[in-house]
Amino acid sequence: MGKVLLINGSPHEHGCTHTALSEVAESAAKHGLETELLWIGTRPIAGCIACGSCIKTGRCIFNEDAVNRILERLDEYEAIILGSPVYYASAAGQLCSFCDRLFAAGSSRFAGKPGAAVVSCRRGGASAAFDRLNKYFTIANMPVVSSNYWNHVHGNTPSEVLQDLEGLQTMRVLGDNLAWLLKNLKAGREAGNALPEYEPRIYTNFIR
């Protein structure tokens, strides 16, 4: 089986989001899955400028971050997990800019790869941030992996996150469910059950 890519969208490399993602990774590893944790760093990340270049090339015109490096290796990854802290009831702005470009440039190449969102917060806003991240998966024909609760942990420091026993269990169950789904998808492919043949994409707006 291929790798699971876990993207840490927090500016703190080993903070609360990292703690949550590590719990998922450890759970997935117990089922034989290989995981790779990518931290997007603290440098400014350009947002999508809707130039359309990636439609022609499959690459983003901005090359200062890891977006194109992920796209080059996308076939290695069987699943994508996005992790973010909560900023004003949403995911971190740097991660949103990163993912806007990643998913725009990767487009149909994400189809069939399971996706999951993981959110850490001090107190509130987790559900809204969770919803924001899940929208990347649901526009890309990706199965969304669930747990026994919404994929949130709570705490202001990593040590506080480690006290959130329910949140940590949610992360472990997420890892279990991801492994189960990937094994079933693999069995389906081996049995000849390929991805659907998608219709050509139709783009409209509200006036035509």
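Reader: Which residues in helix 5 do Leu 95, Cys 96, Cys 99, Asp 100 and Phe 103 in helix 4 meet?

Author: The model is a predicted one. Contact here means heavy atoms within 4.5 Å. By that criterion, the partners in helix 5 are Arg 132, Leu 133, Tyr 136 and Phe 137.

Reader: Are helix 4 and helix 5 roughly parallel or roughly antiparallel to each other?

Author: The axes of helix 4 (residues 93-106) and helix 5 (residues 126-138) come within 11 Å and cross at roughly 10 degrees. Angles under 35 degrees count as roughly parallel. Helix 4 and helix 5 are therefore roughly parallel.

Reader: In what order do the elements of the protein run from the N terminus on?

Author: The secondary structure comprises 7 helices and 6 strands. From the N terminus on, their order is β-α-β-α-α-β-β-α-β-α-β-α-α.

Reader: What is the radius of gyration of the protein, and what does the globule rule give for 208 residues?

Author: The C-alpha trace spans about 50 × 45 × 35 Å along its principal axes. The protein is as compact as a globular protein of its length, because its radius of gyration is close to the value from the globule rule: 17 Å for the protein and 17 Å from the rule.

Notes
Residues are numbered from 1 along each chain as its sequence is written. This is a predicted model: local features need pLDDT of at least 70, side-chain atom pairs count only at pLDDT 80 or more; totals for chains, interfaces and linings use all residues. Side-chain values use heavy atoms; hydrogens and water are left out. Axes are lines fitted to C-alpha atoms, for helices over the stretch in contact, and angles run from 0 to 180 degrees between N-to-C directions. Helices (H or I, at least four residues) and strands (E, at least two) are DSSP runs, numbered from the N terminus. Angles under 35 degrees count as roughly parallel, over 145 as roughly antiparallel, 65 to 115 as roughly perpendicular and the rest as oblique. The radius of gyration is taken over C-alpha atoms; the globule rule is 2.2 Å times the number of residues to the power 0.38.
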